[in-house]
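Dear colleague,

Please find the structure below, with the sequence.

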Amino acid sequence: MLKHVNQPLAFVDLETTGATATKDRITEIGIVLVDADGVREWNQLVNPQTRIPLFIEQMTGISNQMVAEMPSFAQVAGEVAELLEGRLFIAHNARFDYGFLKNEFSRVGMTFRPQVLCTVKLSRALYPQFHRHNLDSLIERHGLQAKDRHRALADAQLIHQFWTQACEQFSEAVVDLAAQRLVGRSSLPSNIDPNLIHDLPEAPGVYLFYGENDLPLYIGKSVNIRNRVLAHFGADHKSNKEMSLAQQLRRIDWIETAGELGALLLEARLIKEKSPVHNQRLRRKNALCAWQLQQQGEQLKPVLSWADELDFGAQDNLYGLYHSQRDAQKALRGVAEQHGLCLSVLGLEKTAAGRPCFGYQIKKCRGACVGLEAPLAHAARLLIAMQKLKLAVWPYPGAIGVREGEELHVIDRWCYLGTAKSEAEIEELLRSGRPAFDRDTYMLLSKSLKKAEVVVLPGALEMVGESW
């Protein structure tokens with residue numbers, strides 16, 4: 001008899017050769033099946049067709065000898081698919097078990113798309129007063145009876161015990177609501193496979209939304225891709241942008257990174273490359289300009305310089321970064337008004353020699369235009385006023401690597417060359433040359449490098465390679 005759900009249940013646990021679903025393999029499958037006919041169990045050792053590492057063997061007790069004569073997954077795939085068909089797939093840290101089964105089924109040309117419920121998340125939802133929700137914590141907290149810990153069927157039985165206790169402790173409405181929220185079939189737009197929710201990684205990286213004909217709609221970044229993607233559609237009724245995205249969305253892709261910095265750098269690059277419809281702030285990739293302060297006669301004057309004329313990464317004496325002459329002049333006018341500088345001397349207003357600028361007439365200029373303020377005094381005030389806009393000069397003799405996890409982000413004169421995991425990849429990025437100077441990347445790096453772990457390249461290349 002089912003007390004809380006309207007479909008059959010499958011409590012699943014796997015033992016594997018490692019933690020990576022795309023390369024490691026299943027060594028044992030344990031399933032507890034619950035439906036209107038009662039409870040039954042199924043267990044099978046599986047030949048992973050690869051070696052079981054010693055530490056895995058010591059943890060699970062499953063040896064290479066034990067699985068040598070067992071069937072491969074391909075040989076039991078049909079039976080496993082039949083057992084799980086139409087059932088709610090329930091597992092502890094379900095993304096792990098679901099991911100392994102999905103990859104194993106894919107290798108034999110079968111599609112695996114169950115509804116999935118994670119009991120780690122269910123425990124957090126039902127028992128928020130506790131901090132730990134791993135299986136050992138549940139065993140201790142709920143008095144679960146563990147027969148043979150770290151074997152597939154025994155752990156599946158533990159998950160079933162936890163479910164049974166939760167269903168006895170809480171009302172049907174409470175468990176149903178928590179389960180429905182966590183299964184999350186309605187969390188993605190109708191044009192997206194709802195089971196994709198279980199593929200989205202809870203890791204840093206960049207996600208990409210595509211519409212009809214693979215038109216890039218939106219690119220975003222997060223330290224938790226899954227949470228951020230679902231957040232787009234959890235409130236789509238409150239935002240015209242999110243509603244529009246939901247209606248246009250046809251495909252979701254993602255790229256995991258080692259950390260937040262990698263996600264930020266990759267997002268800025270991909271937005272420039274793909275120009276997604278709904279990204280506005282980072283899309284612009286037209287020419288950049290900045291002010292240079294140059295001595296002209298007795299006066300120090302700002303002259304507009306463009307990125308294709310100077311090496312913005314290494315050039316000193318640059319102030320501000322703007323996408324147009326209009327933006328640059330607007331910013332300079334604001335500086336002039338704030339500090340009482342002469343619009344005529346700054347080149348923002350044309351006046352005849354010796355004639356006052358408009359600012360002087362309304363008492364916002366100290367008279368540099370009519371000789372009442374010495375050129376040296378005006379120049380000193382201009383330097384002070386522009387100091388906050390000064391671009392940082394690249395502080396290294398050449399390219400650097402910024403370490404994040406096991407990756408190295410290769411940067412040269414504020415330009416992001418790419419991310420490498422080996423010495424050969426670093427050398428390839430250095431040979432590829434620098435991309436165009438990008439304002440968003442500069443702004444990001446000028447803040448991030450202050451607290452980053454930096455390796456100078458290529459002088460330290462041998463050291464970097466040895467450390468990996």
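**Sheet and packing helices**

Strands β10, β9 and β11 form an open three-stranded sheet in the order β10-β9-β11, with antiparallel pairing. Strands here are DSSP runs of E of at least two residues and helices are runs of H or I of at least four, numbered from the N terminus; two strands pair if DSSP finds at least two bridges between them. Because β10 (299–306) and β11 (319–322) stand at the edges with a single partner strand each, one side of each has no neighbour in the sheet.

The model is predicted: local features need pLDDT of at least 70 and side-chain atom pairs pLDDT 80 or more, while totals for chains, interfaces and linings use all residues. Residues are numbered from 1 along each chain as its sequence is written, and side-chain values use heavy atoms, without hydrogens and water.

Strand β9 (residues 289–296) is joined to β11 by two bridges, and Trp291 stands opposite Tyr319 in β11. Helix α12 (residues 325–339) packs on the sheet, touching β9, β10 and β11 (contact: heavy atoms within 4.5 Å). The direction of α12 makes about 60 degrees with that of β9 (axes are lines fitted to C-alpha atoms, for helices over the stretch in contact; angles run from 0 to 180 degrees between N-to-C directions).

**Cysteines**

The disulfide count is zero, a disulfide being a pair of cysteine sulfur atoms within 2.5 Å. The sulfur of Cys357 is 3.8 Å from its closest cysteine sulfur, in Cys365, which is too far for a bond.

Kind regards
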